[in-house]
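Student: I would like to learn how to read a structure feature by feature. Can we take one together?

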Amino acid sequence: MEEDLLDAETETDMESPEIPEQDELSEEEQLREDLAKEKDKFLRLFAEFENFKRRTSKERMDMFKTAGQEIMISLLPVLDDFDRALKELAKSDDTETFKGVELIRVKLRETLRSKGLEEVEVKEGDPFDADVHDAITQIPAPDKKLKGKIVDVIERGFKLGERIIRHPKVVVGK
């Protein structure tokens, strides 16, 4: 019987030290898992923050590029009026008035150009592109070469930076 008790004590003594080691390993493993989870959270949060910084920086740059877009759009009819006025003044004999209006128009255009306004280049005979041009109407092409191409430019188009703020209005041959 004593032997049974000694065997039982030996078994419990051996089991007791093993259990804390397993607990320590499981605690250590748990801590490592927690550390890995926190590290993953940190990396994801850092990547998200970097994406946020890049996105807001790009939005800010776009905003600065097109900050005056509304003002530019409102000044486009003034440019059109200057062109019409110059056409009419060219018909008259008053060269001094013509020169004065021309100087004002050039100064306005150069000021707007320095702020990023560019004219969309469109000529008669250019191929029609629905992404760039605004077709007002189609007419029978006066020449077979003008089928599907621009026959006349009614209103000039402008872009601010890379964005078109007013599409050129054109007549297309069919």
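Student: Which side chain meets Asp83 in a salt bridge?

Tutor: Start with the general idea. Side chains of opposite charge can pair when their charged atoms come close. This is a predicted model. In it, the partner of Asp83 is Arg156, at 2.4 Å from N to O. Asp83 lies in helix H2, and Arg156 lies in the loop between strand E3 (150–155) and E4, so the pair ties together parts that are 73 residues apart in sequence.

Student: Is Arg156 buried or exposed?

Tutor: Arg156 counts as buried, because its relative accessibility is 18%. The cut-off for buried is under 20%.

Student: How do I read a salt bridge inside one helix?

Tutor: Count the spacing. An α-helix has 3.6 residues a turn, so residues three or four places apart point the same way. Take Arg84 and Asp81 in helix H2: they are three residues apart, about one helical turn. Their closest N and O atoms are 2.6 Å apart, in a salt bridge. Asp81 is partly exposed, at 43% relative accessibility.

Student: How far apart should the ends of helix H3 be?

Tutor: Helix H3 covers residues 95–114, which is 20 residues.

Student: Which residues of H3 are buried?

Tutor: They are Val101, Arg105, Arg109 and Leu112. Seen down the axis of H3, these buried residues fall within an arc of 70°, so they line one face of the helix. The face turned away from them carries the exposed residues Glu96, Leu103, Lys107 and Ser114.

Student: What covers the buried residues of H3?

Tutor: The cover includes helix H2 (69–91), strand E1 (117–120) and strand E4 (157–160). Just after H3, Gly116 takes a positive phi of about 110°.

Student: How do I read the sheet?

Tutor: Follow the pairing. Strands of a sheet pair through backbone hydrogen bonds, either parallel or antiparallel. Here, an open sheet of three strands has the order E1-E4-E5, with antiparallel pairing. The twist averages 40° from one strand to the next.

Student: How many bridges join E1 and E4?

Tutor: Four, in the antiparallel sense. Leu117 stands opposite Leu160, and Glu119 has Phe158 as its bridge partner. Three bridges join E4 to E5 (residues 163–166). There, Phe158 stands opposite Arg166. Two residues lie between the strands of the E4 and E5 hairpin, where Gly161 takes a positive phi near 70°.

Student: Where does H2 lie against the sheet?

Tutor: H2 lies across E1, E4 and E5, running at about 50° to E5. Gln69 is a residue of H2. Gln69 counts as buried, because its relative accessibility is 18%. Leaving out residues up to four places away in sequence, Gln69 touches Leu160, Arg163 and Ile165.

Definitions and conventions. Residues numbered from 1 in each chain as written. Predicted model: local features only at pLDDT ≥ 70, side-chain atom pairs only at ≥ 80, totals over all residues. Heavy atoms only, no water. Expected span 1.5 Å × (residues − 1). Buried < 20%, exposed > 50% of the residue type's maximum accessible area, 1.4 Å probe, protein only. Arc of directions from axis to C-beta. Contact = heavy atoms within 4.5 Å. Pairing = 2+ DSSP bridges. Axes fitted to C-alpha atoms, helices over the stretch in contact; angles between N-to-C directions. Salt bridge = Lys/Arg side-chain N within 4 Å of Asp/Glu carboxyl O.
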